[in-house]
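Have the sequence and the 3D view open side by side.

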Amino acid sequence: MVRTPLTPRERERGERLGALLRSARGERSMVEVAAAAGLSAETLRKIETGRAPTPAFFTIAALAGALGLSLDEVATLSAPPEAVADEVA
């Protein structure tokens with residue numbers, strides 16, 4: 001199966017998601033958070049660094065739960081700024 005290339009917008013969203021997760025993780029280790037979410041540390045590392053910019057919904061949900069984030073927070077904080085402005089307007 002050939003995967004279509006990601007758009008610049010998808011890559012940017014993945015970078016914002018990674019930054020959000022790193023920030024929410026704080027001082028906790030990748031291993032600790034990944035284990036709490038039922039993922040490998042390598043999967044978390046790929047998401048945080050943007051190498052896996054489009055993780056599966058259940059992966060995001062598990063990470064959000066392990067980090068004490070709601071899915072609404074994850075969606076809002078990883079959305080492009082113009083998308084958030086459109087929702088407020």
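The notes below go from the overall fold to one helix and then to one residue in that helix.

## Ground rules

This is a predicted model, so local features need pLDDT of at least 70 and side-chain atom pairs count only at pLDDT 80 or more, while totals for chains, interfaces and linings use all residues. Residues are numbered from 1 along each chain as its sequence is written, and side-chain values use heavy atoms, with hydrogens and water left out.

## The overall fold

The protein has six helices and zero strands, running α-α-α-α-α-α from the N terminus. Helices here are DSSP runs of H or I with at least four residues, strands are E runs of at least two, and both are numbered from the N terminus.

The C-alpha trace spans about 40 × 35 × 20 Å along its principal axes. Among contacts (heavy atoms within 4.5 Å) between residues at least 6 apart in sequence, 61% join residues at least 24 apart.

## Surface and charge

Of the 89 residues, 29% are buried. Buried means under 20% relative accessible area, exposed means over 50%, and partly exposed is in between, with a 1.4 Å probe and protein chains only.

As for charge, there are 11 positive and 12 negative side chains, and the centres of the two sets lie 8 Å apart. Lys and Arg count as positive and Asp and Glu as negative, with His and the chain ends not counted. Each charge is placed at NZ of Lys, CZ of Arg, CG of Asp or CD of Glu.

Now find α4, residues 57–67, where Thr59, Ile60, Leu63, Ala64, Ala66 and Leu67 are buried. They sit on the same side of α4 because they cover an arc of only 165° around the axis; the arc is that of the directions from the helix axis to the C-beta atoms. Phe57, Phe58 and Gly65 are exposed on the other side.

What covers the buried residues of α4? The cover includes α1 (8–25), α2 (30–37), α3 (41–49) and α5 (71–78). After α4 comes Gly68, with a positive phi near 75°.

## A look at Thr59

Thr59 lies in α4 and is buried, with a relative accessible area of 17%. Leaving out residues up to four places away in sequence, Thr59 touches Leu39 and Ile47.
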